[in-house]
Amino acid sequence: MRRGGRVIGAAVAFALLAGCSGASSASGGKLNVVATTEILADLAQRVGGDRVAASSLVPAGGDPHSYEPTPADAKRVAKADVTFTNHLLLEPQSLIKTIDSNAPEGTPNVSLAEAAESYGAHVIPLVENIGLDVLWLGLRVRGTGKERGATRTSSVQLTATKLDGPGQLVAYLTESLGQPDRYFDSTDGLGPQDSTTLPPAAHTHLNWAFTKPGIYHLTLTGALDIGGGKPLQPLGTGTFTFAVGVDPHTVKPAAGGTATVLDDGHTDLTVDLDSGRLTAYSDAKKIGAAQSEVPAGQVVIDVPNKALATVPDDPRFAFLGKPGAQIHQLPQAVLGKHVHGEIDPHLWEDVANAKAYVQLMRDTLISADPDGEQVYRDNSANYLRELDELDTYVRTELATIPTDRRQLITTHDAFGYLASAYGMTIAGFVVPNPAQEPSVEQVRKLSETIRNLKVPAVFVEPNLAQRASVLTQVAKDQNVRVCSLYGDSFDEHAQSYVAMMRHNADELKRCLGETR
């Protein structure tokens, strides 16, 4: 699948007139609240009670990270009296653009995770666990770009404008069902189609494949699109050097001088919206534990011979070469399109943060419907007491798990807040690239993690079970349980936030606290 310059998160734009004020007639006289996810809709309904009709744009069991809005969603937003998003890049930019473009002017449109800190919410960095023995290379946008007029619906375009090297480069995404999506592809010549866009503060993962060993120089150029039909604003240009199958310490960087070799950890080729610079943003050991910026012209990215991969016998991957051919490839490490920021957006896995959401929703509903103020205050007070009981329940149940067994291995990085709030440890595993079978080394590392930590169970989110085949097979081989945790969505077994969190507490206690 060739991108052809397609924009990630292109909004569903409609010229819809919002002539209504107050409660929407489409909701039977009740305040019409549209939220992005089932969890947010459930919280809003508990606060709103009989005065509110709350619904979710992402359908039951859907993945909010990858949901693409429809024309019907835009129409629903246009009839909303209040809209709630989580954001912090939880939702794809297409969904955010649909809401911001169609929410009636003057109605509350609240990004909960970004506004809840003033109500006592606690945010933590998103720390991704790397299960690779080669560099993990992605793309990133940093800075706010406010001086350039950027908002949360703006986008940054990154274009591959030049490649020098002995072979070809393809940077591509492998989607959750194995479908490749090419971002930069020199095999048919670089042009305007070799471009991708990201929202401000976003990060994404890619595969980086090279058809021949040697030294490559890749030039990327950035531009800012603030929308409204305005022309793109030029940003910087940077040239990055790749040492493919050769000793990186003998390679001169694009700008000459001393090279900074990046050969492990996590690095992103980054455009800074404030300065316009193109740099590498890296936590490679040569730099230090914290991520640091390295000028593009000083970078040498190591693509070692242990990154050799075989082109699969699958016509979808014919752009990489003939089946069975050897290429060097830095894998994307996580399944599917995974665009996110530096802050973990899954705040609700800590019940205290859900309480902050409830208070923010209460005040938002009062501002939209002052006549219902007492109802919203009473409902939220009752619900906050219930959430206090829930928080105590989760804390008490997880406290019974022996300390050395409080290890979480999951399919999705959605449980950092749960771990932080309730004394768990994320021992996670990065799922290998599904374009090929996982290597013996990758399976060995996961097996060793489970065995060395004496992990009694691994956890799969019900709506992401199809992405967990490697995890479940290794668990079976190691004779450990495969259990379930809810992260982003409900199902028929857990149809409310309280039920979801009680299930998570019970399941963690059952699978980690009890001996088989």
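1. Axes here are lines fitted to C-alpha atoms, for helices over the stretch in contact, and angles run from 0 to 180 degrees between N-to-C directions. Contact means heavy atoms within 4.5 Å. Helices (H or I, at least four residues) and strands (E, at least two) are DSSP runs, numbered from the N terminus.

2. The model is predicted: local features need pLDDT of at least 70, side-chain atom pairs count only at pLDDT 80 or more, and totals for chains, interfaces and linings use all residues. Residues are numbered from 1 along each chain as its sequence is written, and side-chain values use heavy atoms, with hydrogens and water left out.

3. The protein has ten helices and 24 strands. Of its 516 residues, 56% count as buried (under 20% relative accessible area, 1.4 Å probe, protein chains only). Where contacts in the protein link residues at least 6 apart in sequence, 75% of them join residues at least 24 apart.

4. Four strands form an open sheet in the order 2-1-3-4, with parallel pairing. Strand 2 (52–56) and strand 4 (109–111) are its edge strands, each pairing on one side only. Two strands pair if DSSP finds at least two bridges between them. On average, neighbouring strands of this sheet are turned by 20 degrees against each other, direction ignored.

5. Three bridges join strand 1 (residues 31–35) to strand 3 (residues 82–85) in the parallel sense. Val34 stands opposite Thr83 in strand 3.

6. Helix 1 (residues 38–48) lies across strand 1, strand 2 and strand 3, at about 175 degrees to strand 2. Helix 5 (residues 351–368) also packs on the sheet and touches strand 1, strand 2, strand 3 and strand 4; its direction makes about 160 degrees with that of strand 3.

Conventions
Buried < 20%, exposed > 50% of the residue type's maximum accessible area, 1.4 Å probe, protein only.
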